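I opened the notebook with the coordinates on screen. These entries record what I looked up, in order.

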Amino acid sequence: MADSTSQVTLSMHGWLSRLLSRRDLRTPDQRPLYAYQLNSDEYAELLVRLREVASFDGVARDPAICAAFCLFCAEWYRREYRVEDGWSWDAIWKRLDHEFSAPELARLIPKGLDKFWQRPIRFYESERRNFLGSLFSEGGLPFKVLTEPGSRFQTLFARVLKQYSVSKALAGSLEPAVKYQIEQLNLPQVFLEQTSVELIAGMADQLAQLVDFYQLEDNSNPVDVLDVRSPGWRKLFPLPLDDDTGRDFLNGLLATASKETRTGVKSLKSLSCEHYWLSSLNCLETEITLPSVLTMAVDHQPVSNRFDLSISEGR
């Protein structure tokens, strides 16, 4: 058994070395695990190799196997996690055909995530280590949840990007706007995790910057333009890109960003008022946008050059 374990250990170490080499790396460079962008073949091979070794004695002592386990969990979350899986290890154990004990996880994850991948371990407010949350956060965003029928993720982005300039000016960050819209749209609870909020805000920020830098708001086909001018732009985002669904989804987000930027530029030139029905709160929300310059006609000489704007509710 010792010889067999040793051979699998060497094999796993070699597999990780080849994985890094294909990304022009000799060692991990501290990037989030989703940013290594495993393709479907690499993910399938990783699962097969882990199944071969998971039940061996002493796997938690081997850095390569610990690193492979952390990478698998992050990639499983990115590719396969569904809302019904909840905040639990159960679906991972089912996929792996093996269950590690709590003491084994306490050795596996620090050795794999912290020491090998050089990524931080997250903590609960009680200061206990949050192993599952740490690995899920390394996976980016759960793609199957984003693209399931009835998903309102595109609506989330449309609303956040519509408020982009105002949110950045008032709060310096999109995170408060993202969290607010997630709550209003009743999106799955997993998106309210701080890591998810940060990733969504970062994606919206990145999309807005791409639209601004390449002036995509004036193009009817922003995806085609960006594919020519910056072919690797999709690699900036924490989504699987090795299938048509992932690429189409990201293309849709870019089109939304271009449209909302174009709409936002127009809104700065006129006074607008929009109403939204918030079903979760059972109330009506009104959004008023003021232009940078407001022109109005007066029928007599004003007694002062100071004017106060007021908002009144109509009947």
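**Entry 1. Overall layout**

I noted at the outset that this is a predicted model. I looked up the secondary structure and found 13 helices and two strands. The protein has 315 residues, and 45% of them are buried.

**Entry 2. Helix 11**

I took helix 11, which covers residues 194-213 and has 20 residues. I compared its span with the expected one. From first C-alpha to last, helix 11 reaches 28 Å, close to the 28 Å expected at 1.5 Å a residue. I also looked at what comes after helix 11. Q215 follows, and its phi is positive, near 50°.

**Entry 3. R78**

Where is R78 found? I placed R78 in helix 3, residues 63-80. Is R78 buried or exposed? R78 counts as buried because its relative accessibility is 0%.

I looked for polar partners of the R78 side chain. One is the side chain of E75, at 2.6 Å. Another is the side chain of Q37, at 3.3 Å.

I then listed what R78 touches, leaving out residues up to four places away in sequence. Among them are Y34, Q37 and L38. The list also includes G139, L141, P142 and F143. P238, L239 and P240 are on it too. For P240 I checked the C-alpha distance to R78. The two are 162 residues apart in sequence and 7.4 Å apart in space.

**Entry 4. Q37**

Q37 came up as a partner of R78, and I followed it. Q37 lies in the loop between helix 1 (2-21) and helix 2. The relative accessibility of Q37 is 18%, so Q37 counts as buried. The cut-off for buried is under 20%.

I looked for a backbone partner of the Q37 side chain. The backbone oxygen of L239 lies 3.4 Å from a polar atom of that side chain. Beyond residues up to four places away in sequence, Q37 touches R23, E42, R78, K235, F237, L239, P240 and L241. L239 and P240 are also touched by R78.

**Entry 5. E42**

E42 is in the contact list of Q37, and I turned to it next. I placed E42 in helix 2, residues 40-53. E42 counts as buried because its relative accessibility is 6%. Which side chain makes a polar contact with the side chain of E42? I found R22, at 3.0 Å. Leaving aside neighbours within four places in sequence, E42 is in contact with W15, L19, R22, R23 and Q37.

**Entry 6. Cysteines**

How many disulfides does the count come to? I found zero. I looked into C66 and C73 for the reason. The closest cysteine sulfur to that of C66 is in C70, 7.1 Å away, which is too far for a bond. For C73 the closest cysteine sulfur is again in C70, at 6.7 Å, also too far. A pair would need its sulfur atoms within 2.5 Å. I checked burial as well. C66 counts as buried because its relative accessibility is 0%. C73 counts as buried too, at 0%.

**Entry 7. Rings**

I counted aromatic pairs and got 20. I examined the pair of F69 and F100 first. The pair is edge-to-face, at 5.2 Å centre to centre and 80° between the planes. F69 lies in helix 3, and F100 lies in the loop between helix 4 (90-96) and helix 5 (102-116), so the pair ties together parts 31 residues apart in sequence. I looked up burial for both. F69 counts as buried at 1% relative accessibility, and F100 counts as buried at 5%.

I went on to F116 and W117. Their ring centres are 4.9 Å apart and their planes are at 80°, so this pair is edge-to-face. W117 counts as buried because its relative accessibility is 0%.

I then looked for rings linked by pairs. W76, Y77, Y81, W87 and F136 form a cluster. R31 lies over the face of Y36, at 4.8 Å from the ring centre.

Methods: Residues are numbered from 1 along each chain as its sequence is written. This is a predicted model: local features need pLDDT of at least 70, side-chain atom pairs count only at pLDDT 80 or more; totals for chains, interfaces and linings use all residues. Side-chain values use heavy atoms; hydrogens and water are left out. Buried means under 20% relative accessible area, exposed over 50%, partly exposed in between (1.4 Å probe, protein chains only). Helices (H or I, at least four residues) and strands (E, at least two) are DSSP runs, numbered from the N terminus. The expected span of a helix is 1.5 Å times one less than its number of residues. A polar contact is a pair of N or O atoms within 3.5 Å; within protein, one must be able to donate a hydrogen and the other to accept it, and residues adjacent in sequence count only if both atoms are side-chain atoms. Contact means heavy atoms within 4.5 Å. Rings of Phe, Tyr and Trp (its six-membered ring) pair if their centres lie within 6.5 Å; planes under 30 degrees apart count as stacked, over 60 as edge-to-face and the rest as tilted. A charge sits over a ring if NZ of Lys or CZ of Arg is within 6 Å of the ring centre and within 35 degrees of the ring normal.
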